[in-house]
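Good morning, and thank you for coming. I would like to take you through one model today, and I ask you to keep the structure in view as I speak.

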Amino acid sequence: MDKYGFYTGQIFDAYEELGCHVDAAGAVFRTFAPAASRIALIGDFNGWTEGPMQKIHDGNFWECYMSGAKPGQMYKFRIYDRNGNATDHCDPYGFGMELRPNSASIIRDMHAYRFHDGEWMKKRNDRRAEPLNIYEMHLGSWRANEKEEHGWFSYRELAEPLAAYLKKAGYNYVEVMPLAEHPCDESWGYQITGFYSPTARYGTADDLKAFVDVLHQNGIGVILDFVPVHFATDGYGLANYDGTALYEYPNSDVGNSEWGSKNFIHSRGEVRSFLQSNAAYWLKEYHFDGLRMDAICNIIYWQGDKARGVNGNAVSFIQTMNSGLKQRFDGIILAAEDSTSFPGVTCPVHQNGLGFDYKWDMGWMHDTLEYFQSAPEYRSRDYHRLTFSMMYYYDANFILPFSHDEVVHGKATIAQKMNGKYEDKFPQARAMYLYMYAHPGKKLNFMGNELGQLREWSEKQEQDWCVLTYPVHDAFHHFMMDLNRLYLENAAFWEMDYDRDGFAWWDCHEEARCVYVFERKSKKQRILAVFNLSDRQQEEFVISSADDRALVPMLGSEWERYGGMQKENKKALLFREGRLSVTLPAFSGTVYEIK
């Protein structure tokens with residue numbers, strides 16, 4: 001390891017020296033703890049008695065070789081501060097860890113597993129001019145394992161059924177919520193104690209590698225939710241690691257986050273190297289295809305508050321990390337969860353951007369959901385909530401997200417948010433999703449949304465698969481599958497997502513009727529999307545065109561097979577003298593191919 005690079009925050013391979021590394025005879029243990037007065041290694045291999053660690057290099061690193069130590073055994077570092085007080089810590093760079101409430105690190109052989117996804121790894125790319133349809137999920141609550149105490153399937157057990165489901169449902173990427181070890185189920189993995197340890201809830205490091213491998217062999221990309229902003233306060237973790245604030249700010253005004261966790265001090269090179277190496281670790285050792293980075297607004301601004309100003313050191317860190325990852329790993333996707341208007345989030349670092357490939361369009365998400373939550377009589381007033389997104393759309397490369405955050409804590413599920421009574425929610429949800437998939441931008445949908453689920457998500461129970469026994473939910477599920485496949489198979493929906501020529505309004509001033517008409521195009525295809533989002537059928541609505549062409553229906557949200565009231569008819573509609581008169585059902589959308 002380059003020690004100068006470690007201290008200056010330039011390296012991406014710190015985990016290859018620090019932590020625990022096995023060989024045929026035992027294992028070497030190393031940790032970085034500059035303020036410690038003494039460190040002892042304790043574990044299964046020495047009966048949990050103190051084995052002294054020695055200072056190495058410049059005296060800030062500690063090392064111990066333990067003969068007979070082997071994979072599967074547990075260990076901790078007993079760290080004595082300058083006053084002689086001892087605290088037992090898990091290994092910050094440990095590759096495995098016990099299930100909560102236990103907290104020991106576990107020795108893993110990171111070279112044992114052999115991947116079989118070479119074909120996928122060669123062809124993967126950032127999907128800029130290709131379809132990207134992401135299924136976001138929490139592994140522990142997708143399906144329940146009735147044979148297991150906590151109801152969890154292992155990584156390996158999930159792999160094949162998940163791959164089959166995603167292919168059938170029309171998703172080509174899955175995004176998994178954080179998998180680094182965390183003590184509290186309710187944190188969903190966002191408050192971490194073991195940054196290099198795949199959570200033991202679902203198995204071992206090799207099990208997770210097999211999970212990714214199987215998905216790749218089935219043509220599914222895998223994105224990991226990554227947390228570079230903060231960490232859990234548990235005393236056995238990173239907090240006060242060597243008796244001082246080594247990973248966190250010493251000042252609580254900026255050291256404590258809004259989530260009750262500790263903020264990383266991104267001005268320290270050692271912390272930068274820890275996080276950059278952690279990102280590289282998931283991409284290299286597990287073959288993840290990208291990272292969705294959490295809470296980037298708290299990287300950009302102090303405590304996420306624009307009024308407190310830009311955190312220049314944290315911004316510099318994210319630029320160095322993103323550019324370094326893109327240089328090292330071909331075809332990866334880096335996406336920012338960011339609700340700010342900070343410029344250049346998806347611009348390259350050499351153009352003074354942050355270097356992300358994509359940014360979640362939180363404005364589009366909020367405007368869209370608020371529009372569909374409003375009563376129909378107010379939609380004329382709110383009409384331009386659905387046109388506003390295109391006013392700023394080309395400022396960044398956006399992903400349109402309906403994520404886990406929108407279906408918890410009293411917010412209601414996506415389908416439940418739709419205005420009106422039960423029977424009115426499904427046609428509106430179908431129309432809204434059709435609008436989402438026709439709108440420019442890559443797509444992300446959280447598990448359960450595709451079922452029209454009406455119960456808020458909980459990490460404690462599986463998705464309500466039983467709702468598919470009800471015709472309205474089953475029809476909605478089939479609509480979502482057909483919509484996903486339509487999106488994947490038609491280039492006009494994605495080839496020119498970030499090209500101004502890829503989108504054009506045909507009609508965006510039908511405030512009284514709540515009708516919207518826009519075109520999507522690729523180099524070889526044109527598609528027209530028409531929506532009536534009022535609660536009244538619009539008779540003889542006239543669509544105007546500069547030339548006489550035909551519209552061939554591709555998918556309608558109100559077709560009978562999806563639970564609607566309109567008979568499916570794929571007969572071409574012809575313009576006459578640049579005009580076409582159509583009847584638009586209430587709460588509906590239809591997409592046509594322009595011939």
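Let me begin with a definition: helices, of at least four residues, and strands, of at least two, are DSSP runs numbered from the N terminus. Please also bear in mind that this is a predicted model.

With that numbering, W259 is placed in the loop between α5 (252-255) and β16 (262-263). Is W259 buried, exposed or partly exposed? Its relative accessibility is 35%, and W259 therefore counts as partly exposed, given that the partly exposed class lies between the limits of under 20% for buried and over 50% for exposed. Leaving aside residues up to four places away in sequence, W259 touches Q191, H230, A295 and N298. W259 and Y190 are 69 residues apart in sequence, and their C-alpha atoms are 9.5 Å apart in space.

I turn now to the barrel. Eight strands form a closed barrel with parallel pairing, in the order β10-β11-β14-β17-β18-β19-β20-β21. From one strand to the next, the twist averages 25°. As one example of the pairing, strand β19 (residues 358-360) and strand β20 (residues 398-402) run parallel and are joined by two bridges. Here W360 stands opposite I399 in β20.

Next, a pair of helices. Two packed helices are described by the angle between their axes and the distance between the axes. For helix α6 (residues 269-285) and helix α8 (residues 312-328), the packing angle is about 30° and the axes are 10 Å apart. Angles under 35 degrees count as roughly parallel, and α6 and α8 are therefore roughly parallel to each other. The crossing in which α6 passes α8 is right-handed. On the α6 side, R272, L275, Q276, A279, A280 and L283 meet N313, S316, F317, T320, M321 and L325 of α8.

Apart from residues up to four places away in sequence, L325 touches F12, Q276, A279, A280, L283, L291, M293, I332 and L334.

Thank you for your attention.

Technical notes
Residues numbered from 1 in each chain as written. Predicted model: local features only at pLDDT ≥ 70, side-chain atom pairs only at ≥ 80, totals over all residues. Heavy atoms only, no water. Contact = heavy atoms within 4.5 Å. Pairing = 2+ DSSP bridges. Axes fitted to C-alpha atoms, helices over the stretch in contact; angles between N-to-C directions. Parallel < 35°, antiparallel > 145°, perpendicular 65-115°, else oblique. Left-handed = near helix turned anticlockwise from the far one by under 90°. Buried < 20%, exposed > 50% of the residue type's maximum accessible area, 1.4 Å probe, protein only.
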